[in-house]
Amino acid sequence: MTVLSFWTRLWRRLRIRMAPVPHIPPPLWLQTLQHYPFLNALALHEQGKLRTLSALFLQHKQFHGGHGLVVTDAMAVAIAAQACLPLLHWGNPHQALGWYDDFVGIVVHPGAVLARRQVTDEAGVVHQYAEPLVGEAMERGPIMLSWHEVQGAGHSAAQGTNVVVHEFAHKLDMRSGTADGCPPLPAGFMGTRSARAAHALWWAVWEPAYADFCERVAMAQRFGGAPPWLDAYGATAPAEFFAVVCEAYFVQRAQCALELPTLVPLLDAFFQRP
Ligand SMILES: [Zn+2]
């Protein structure tokens with residue numbers, strides 16, 4: 001980085017910090033809280049913090065509509081409020097939003113998007129297929145969301161699912177370099193003395209929970225038993241398990257604590273929930 005680019009970046013950052021925080025009109029904010037029960041259930045002071053975070057988020061991010069969708073203020077506020085939920089207890093809102101500073105764009109499509117995928121099997125044969133996506137987080141790149149899913153998140157919260165939290169949980173996870181199911185852990189995390197020890201502690205709890213979940217999903221699929229409460233998509237990879245658990249943690253915490261008693265204390269510590 002050159003000296004000039006350093007000062008230019010610093011000036012830009014200061015200018016953004018000094019700029020007045022955009023205002024979310026009270027009726028719009030109230031409408032957002034009422035639409036999503038997990039936001040409505042927050043304490044008043046938490047809703048106030050979430051509103052500040054959401055306003056700053058809207059100042060820094062750019063929304064784009066896909067397939068002719070016009071992203072309204074109500075849509076942008078709904079996405080901002082859910083995206084900022086994980087940042088709620090991370091102190092200074094400017095610093096907390098630093099977790100999302102590796103991207104600017106949020107692309108919102110009316111519904112699921114078909115993504116072209118390609119896999120090569122063991123015999124070397126290439127298979128092409130289309131996968132419907134309701135959300136996607138790209139490393140250092142934009143977030144894609146289906147508005148149909150975002151809008152329905154008030155109802156789907158009963159099942160512990162939330163597409164916005166899912167994609168932004170991937171963003172947190174990616175800050176450690178790759179999305180592997182372990183976000184960067186702060187020094188002293190749960191009393192550990194080094195980043196390595198914190199990492200080891202995380203995996204000592206997380207790995208058996210993931211293995212157990214995969215086993216339960218496989219048993220349900222093979223033998224037709226009752227599937228686990230958590231979205232079975234979590235069994236596709238450790239990174240997906242982390243994102244799926246975060247969804248449940250933020251929109252249906254009580255049930256999440258019953259289903260995943262070993263993981264919730266780690267998430268409480270990571271998200272600094274009082
Ligand atoms: Zn995912």
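Buried means under 20% relative accessible area, exposed over 50%, and partly exposed in between, with a 1.4 Å probe and protein chains only. Keep that scale in mind for every stop.

This is a predicted model, in which local features need pLDDT of at least 70, side-chain atom pairs count only at pLDDT 80 or more, and totals for chains, interfaces and linings use all residues. Residues are numbered from 1 along each chain as its sequence is written, and side-chain values use heavy atoms, leaving out hydrogens and water.

**Stop 1: the cysteines**

Select Cys-256. This residue is buried, with a relative accessible area of 0%. Which cysteine sulfur is closest to the sulfur of Cys-256? The one in Cys-246, 8.7 Å away, which is too far for a bond.

Now pick Cys-84. Cys-84 is buried too, at 0% relative accessible area. The closest cysteine sulfur to its own is in Cys-246, 15 Å off, again too far for a bond. A disulfide is a pair of cysteine sulfur atoms within 2.5 Å. By this rule the count is zero.

**Stop 2: the zinc ion**

Select the zinc ion. Which residues coordinate the zinc ion? They are His-166 and His-170, each through NE2, and Glu-240 through OE, at 2.0 to 2.1 Å. Donors here are N, O and S atoms within 2.8 Å of the metal (3.2 Å for Na, K and Ca); water is not among the atoms, so sites may look incomplete. Along the sequence, the donor residues follow the spacing H-x3-H-x69-E.

Show helix H9, residues 163-174. Helices (H or I, at least four residues) and strands (E, at least two) are DSSP runs, numbered from the N terminus. His-166 and His-170 are four residues apart in H9, so about one helical turn separates them. Both His-166 and His-170 are buried.

**Stop 3: H5 against H9**

The axes of H5 and H9 come within 8 Å and cross at roughly 55 degrees. Axes are lines fitted to C-alpha atoms, for helices over the stretch in contact, and angles run from 0 to 180 degrees between N-to-C directions. H5 and H9 are therefore oblique to each other. Angles under 35 degrees count as roughly parallel, over 145 as roughly antiparallel, 65 to 115 as roughly perpendicular, and the rest as oblique.

H5 passes H9 in a right-handed crossing. Right-handed means that the near helix is turned clockwise from the far one by less than a right angle, left-handed anticlockwise. Ile-79, Gln-82 and Ala-83 of H5 meet Val-164, Val-165 and Phe-168 of H9. Contact means heavy atoms within 4.5 Å.

**Stop 4: H2 against H5**

On the H2 side, the contact residues are Leu-28, Trp-29, Gln-31 and Thr-32. H5 contributes Asp-73, Ala-74, Val-77, Ala-78 and Ala-81.

**Stop 5: two single residues**

Select Asn-162, in the loop between helix H8 (153-156) and H9. Is Asn-162 buried or exposed? Buried, with a relative accessible area of 1%. Asn-162 touches Phe-38, Gln-82, Ala-153, Glu-247 and Val-251, not counting residues up to four places away in sequence.

Finish at Leu-58, in helix H4 (residues 44-60). Leu-58 is partly exposed, at 24% relative accessible area. Its contacts, leaving out residues up to four places away in sequence, are Ile-24, Phe-63, Ala-76, Val-77 and Ala-80.
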